[in-house]
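Biologist: Could you show me how to read salt bridges in a model like this one?
Modeller: Gladly; let us look at it together.

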Amino acid sequence: MSVALHPKDIKKGIHKNRAAEPFWCSRYRFSPYQNCEHGCIYCDGRAERYYSPGAFENDITVRRNLPEIMAEELSGLRERGIISGGSGVSDIYQPAEAELKLTRQCAEVILQADMPAAVATKSSLALRDLDLWGKVAGNRGFIFMMSLVTDHDDIRSIWEPGASPVDERIDTLKAFKEAGAATGVLAMPLLPGICDSDEDIKRLFSRLRDIGVEFIIPGGLTLRPGRQKDRYINELEIHRPDLRPLYRDLYAESRPSGSPIASYGRDLQQRCSSILDALEIPVLIPHRVFAPMMGPADQLHILFWHMRDLYAARGKDTRRLVTAAKRYAIWLDEQRKTFNRRRSLEPGHVDLQLRFLAESGDLGRALGNDKLAAFACRVILEQEIFDYQSLQLLPGKDTTIEKPS
């Protein structure tokens, strides 16, 4: 079945958040395409919860005026933050991009707007735009993420038929690292019985450690009931019928989220965390990577939620931390609402409000947690960096907030 491109003019190009979200560490997000030619058999984007017109890997919506809309929207932003390209249901470097060059045009817009950025892909086509992304990395910072779940290309060819070969993706990571970008890998989804054994995971993660990636974010396979699960199980019947009993047991609950039974999810998380700890690789985008790309207000928002996961993985009680993180999220949301309403306020206003709170000694009251407030003050006032292996604050580079001009 041939690929059909469906051009579409859009009125809004950037999805905006009032706070940086913890996974991508981004405030803003863009995606030039809908649906994906890579045709990964496991892709969550096939699920009914997403409106995917036509055949998922054959009918590609092209947001052809995205670069122009982005240029207008970025010029009107009052706060700088990471803008991320990519999503869980499409790839900004899928094959259509080779000719259309929409992502490249968006990279030019981001460079011109002097914004930090992050992108995720399964394609070595990203190398074409290394000249632009390298400049973004040198200006405000750039995070390059490659999706990679196995180092066996025979497995890749079955489950990710349209994506780049494994060795090409490894070479692409190397090139971006050499160009000054922070690099990381989205090792998700690790497929049960196919690439989720300790041996498989150690081999892949060790290879990535050897090329110097800054982080690896692992994750398990979700199979949402409906067309996503049906497609995957049909392929499993063809290629690995021996695994039918395993999948019948793991996904017997048919959860709307597609998650497997809880015991498998916990086991996979623990095994991945143990391997990454031994390799001294963070399981999340580390603070030292995103800190120079944003002010302390967004840093703390991300840090608190990252700390929840990091401490929980080590068996720590995180209830007080979660309560404080929620209180901080409410405070930050209200500050951003005020900032958005009052156009007279200068860029950096929210970060300065946070600094005043720290200097006045009132941050503990705001968080309801004096110990966490003392930690936060060191991040805000001393620009210290939280190390995700030792779980300690370390002296950091200057990450001075953007002050009003």
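Biologist: Which side chains meet in a salt bridge at 2.7 Å, N to O?
Modeller: A salt bridge is a side-chain nitrogen of Lys or Arg within 4 Å of a carboxyl oxygen of Asp or Glu. Here, Asp 167 and Arg 207 form one, at 2.7 Å from N to O. Asp 167 belongs to helix H6 (residues 166–178) and Arg 207 to helix H7 (residues 198–210), so the pair ties together parts 40 residues apart in sequence. Helices (H or I, at least four residues) are DSSP runs, numbered from the N terminus. Please keep in mind that this is a predicted model, where local features need pLDDT of at least 70 and side-chain atom pairs count only at pLDDT 80 or more, while totals for chains, interfaces and linings use all residues. Residues are numbered from 1 along each chain as its sequence is written, and side-chain values use heavy atoms, leaving out hydrogens and water.

Biologist: Is Arg 169, which forms a salt bridge with Glu 160, buried or exposed?
Modeller: Buried means under 20% relative accessible area, exposed over 50%, and partly exposed in between (1.4 Å probe, protein chains only). Arg 169 is buried, at 0% relative accessibility, and Glu 160 is buried too, at 2%. Their closest N and O atoms are 2.5 Å apart. By contrast, Asp 167 is partly exposed at 46%, as is Arg 207 at 28%.

Biologist: How many salt bridges does the structure hold?
Modeller: There are 35 salt bridges. Some are joined up: Glu 97, Arg 104, Arg 128, Asp 129 and Asp 131 are linked in a network.

Notes: Helices (H or I, at least four residues) and strands (E, at least two) are DSSP runs, numbered from the N terminus.
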